[in-house]
Protein chains: 2
Amino acid sequence: MSRWEPNARGRLEQAALELYLERGFEQTTVAEIAKQAGLTERTFFRHFADKREVLFAGAGSLQELFVNAVVGAPDSMAPIDAVAAALEAAAAPFRERREHARQRQAVIAANAELRERELIKLASLASAIADALRGRGVTEPAASLAAETGIAVFKVAFERWINPVDSADSINQPDLSQLIRESLDELKAVTAGS
Amino acid sequence: MSRWEPNARGRLEQAALELYLERGFEQTTVAEIAKQAGLTERTFFRHFADKREVLFAGAGSLQELFVNAVVGAPDSMAPIDAVAAALEAAAAPFRERREHARQRQAVIAANAELRERELIKLASLASAIADALRGRGVTEPAASLAAETGIAVFKVAFERWINPVDSADSINQPDLSQLIRESLDELKAVTAGS
DNA sequence: ACGCTGATGACAGTCACTGACATCGGTCGT
DNA sequence: ACGACCGATGTCAGTGACTGTCATCAGCGT
């Protein structure tokens with residue numbers, strides 16, 4: 001029998017999400033999260049750099065997924081299509097966790113500081129994708145533009161997945177991959193309009 | 001003669017930029033900024049919501065410029081071109097303040113929290129542009145995608161304006177409007193590649 | 001002259017976050 | 001089996017961002 005309950009980090013993540021949902025982000029103190037997880041405030045900060053980061057712990061593995069998918073795309077693929085392939089690859093792990101994603105997004109949407117953190121995570125993602133594209137021989141500024149564009153598409157598709165407008169989609173869970181394809185097609189139509 | 005020196009807000013902005021440049025953002029306390037401006041910490045927080053906001057005071061008027069330019073664009077213009085016109089309109093006021101813009105960007109680039117704040121300002125800009133586009137009858141998600149795309153173009157062009165790679169541009173100040181047009185053309189080339 | 005207003009100061013308080021040191025099961029080398 | 005060491009956690013004191021509240025006082029209108 002070990003000295004402490006296992007998975008301290010996971011307990012902190014769960015406690016934080018619950019409390020942020022119940023009381024809101026600002027009305028929750030780190031001490032409360034730690035107490036609910038059976039730990040101390042100091043330990044919270046050993047696992048997470050700040051009060052916001054506890055909601056973004058999975059961002060690292062998501063970024064890996066994206067980058068690997070870009071790197072692994074066939075050389076013949078145009079940059080924007082390599083990015084599109086990466087977006088669809090990254091969509092897969094969300095499929096099982098729509099409810100969790102929805103709760104998390106609700107918390108983030110309700111607080112400006114959390115939206116800031118989400119934006120910088122997405123920017124970091126875009127930067128990593130641009131790096132991967134440059135690794136494929138794509139030059140600047142095409143690499144950055146394709147990456148940023150891809151993230152914009154992902155944001156739009158994700159938002160439609162979480163919070164569907166279409167009445168059919170709001171009954172049956174829409175398919176994130178398909179929404180990504182649709183959004184990318186919309187984007188191509190928009191930018192072609194000159 | 002009035003009771004206090006005039007332009008307290010401006011003095012705080014200038015003191016903050018100077019100190020952030022000298023010592024870095026984190027190493028500067030609000031009390032120090034206030035003291036250098038001849039005011040107290042409490043007064044700083046009456047003018048700016050937080051320590052970061054003092055660098056982003058001008059964002060509001062920039063957003064006005066953008067939105068007015070989108071609203072004022074000829075009805076016949078395609079969404080992406082209306083956005084492009086707005087970007088060029090917004091470029092004008094920067095022309096006179098490249099050195100100031102450069103210092104400000106140097107401070108922001110050096111600190112993650114400031115980058116977060118910049119990103120949310122840009123996102124707010126994108127959201128306002130999307131609103132303006134919807135006011136022109138553009139439907140979703142085309143409005144959001146055109147707006148986000150426009151911001152991506154602006155970011156890339158601004159970065160190239162502040163920190164030119166091209167040797168000719170690094171001698172003569174490049175023209176921000178022209179960089180915007182070039183970047184938009186690059187984007188169109190990228191997204192057309194399918 | 002009088003009272004009101006608006007910008008500022010003074011001050012105490014909360015909370016996010018950090019550094020330093022203590023604690024103590026588990027593990028490893030012998 | 002024993003002792004040295006390690007790593008996750010606890011304890012505690014401190015800094016600094018930010019807030020609520022009340023006081024101050026020049027200027028302004030009446």
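## An acidic patch

D166(A) is partly exposed, with a relative accessible area of 43%. Here buried means under 20% relative accessible area, exposed means over 50%, and partly exposed lies in between (1.4 Å probe, protein chains only). D166(A) sits in the loop between α8 (142–162) and α9 (167–171) of chain A. Helices (H or I, at least four residues) and strands (E, at least two) are DSSP runs, numbered from the N terminus.

D166(A) gathers with E182(A), D185(A) and E186(A) in a surface patch of negative charge. Patches are made of residues with over 30% relative accessible area and no salt bridge; like charges are joined within 9 Å, and nonpolar side chains (Val, Leu, Ile, Met, Phe, Trp, Tyr) within 5 Å. Lys and Arg count as positive, Asp and Glu as negative; His and the chain ends are not counted. The place of a charge is NZ of Lys, CZ of Arg, CG of Asp or CD of Glu.

## Basis of the model

This is a predicted model: local features need pLDDT of at least 70, side-chain atom pairs count only at pLDDT 80 or more, and totals for chains, interfaces and linings use all residues. Residues are numbered from 1 along each chain as its sequence is written, chains are lettered from A and ligands numbered from 1 in the order in which they are written, and side-chain values use heavy atoms, with hydrogens and water left out.

## Salt bridges

Side chains of opposite charge can pair when their charged atoms come close. A salt bridge is a side-chain nitrogen of Lys or Arg within 4 Å of a carboxyl oxygen of Asp or Glu. K121(B) lies in helix α7 (residues 112–135) of chain B and E53(B) in the loop between α3 (41–47) and α4 (59–72), so the pair ties together parts that are 68 residues apart in sequence. K121(B) is partly exposed at 25% relative accessible area, whereas E53(B) is buried at 17%.

D175(B) and R95(B) also form a salt bridge, at 3.6 Å from N to O. This pair links distant parts of the chain, 80 residues apart: D175(B) is in the loop between α9 (167–171) and α10 (176–192) of chain B, and R95(B) is in the loop between α5 (79–91) and α6 (98–109). D175(B) is partly exposed at 30%. R95(B) is partly exposed at 40%. E140(B) and R134(B) meet at 2.1 Å, N to O. Both are partly exposed: E140(B) at 33% and R134(B) at 36%. Elsewhere, salt bridges that share partners join D50(A), R52(A), E53(A), R117(A), K121(A) and E116(B) into one network.

Leaving aside neighbours within four places in sequence, R98(A) is in contact (heavy atoms within 4.5 Å) with W161(A), I162(A), P164(A), Q173(A) and P174(A).

## Chain A overall

Chain A has 10 helices and 0 strands. Its C-alpha trace spans about 60 × 40 × 30 Å along the principal axes. Of its 194 residues, 46% count as buried. Among contacts in chain A with a separation of 6 or more, 65% come from residues 24 or more positions apart.

The accessible surface of chain A is about 9,800 Å², with 50% belonging to carbon and sulfur atoms. Areas come from the Shrake-Rupley method with a 1.4 Å probe; for residues, only the protein chains shown count as cover. Chain A carries 23 positive and 28 negative charges, whose mean positions are 6 Å apart.

Most residues other than glycine have a negative phi, and most peptide bonds are trans. In chain A, the peptide bond joining E140(A) and P141(A) is cis, with omega about 0 degrees. P141(A) lies in the loop between α7 (112–135) and α8. The bond from E140(B) to P141(B) is cis too, with omega near 0 degrees.

N7(A) has a positive phi of about 60 degrees although it is not a glycine. N7(A) is in the segment before α1 (8–23) of chain A and is exposed at 55% relative accessible area. Phi of N7(B) is near 60 degrees, also positive. N7(B) counts as exposed at 56% relative accessibility.
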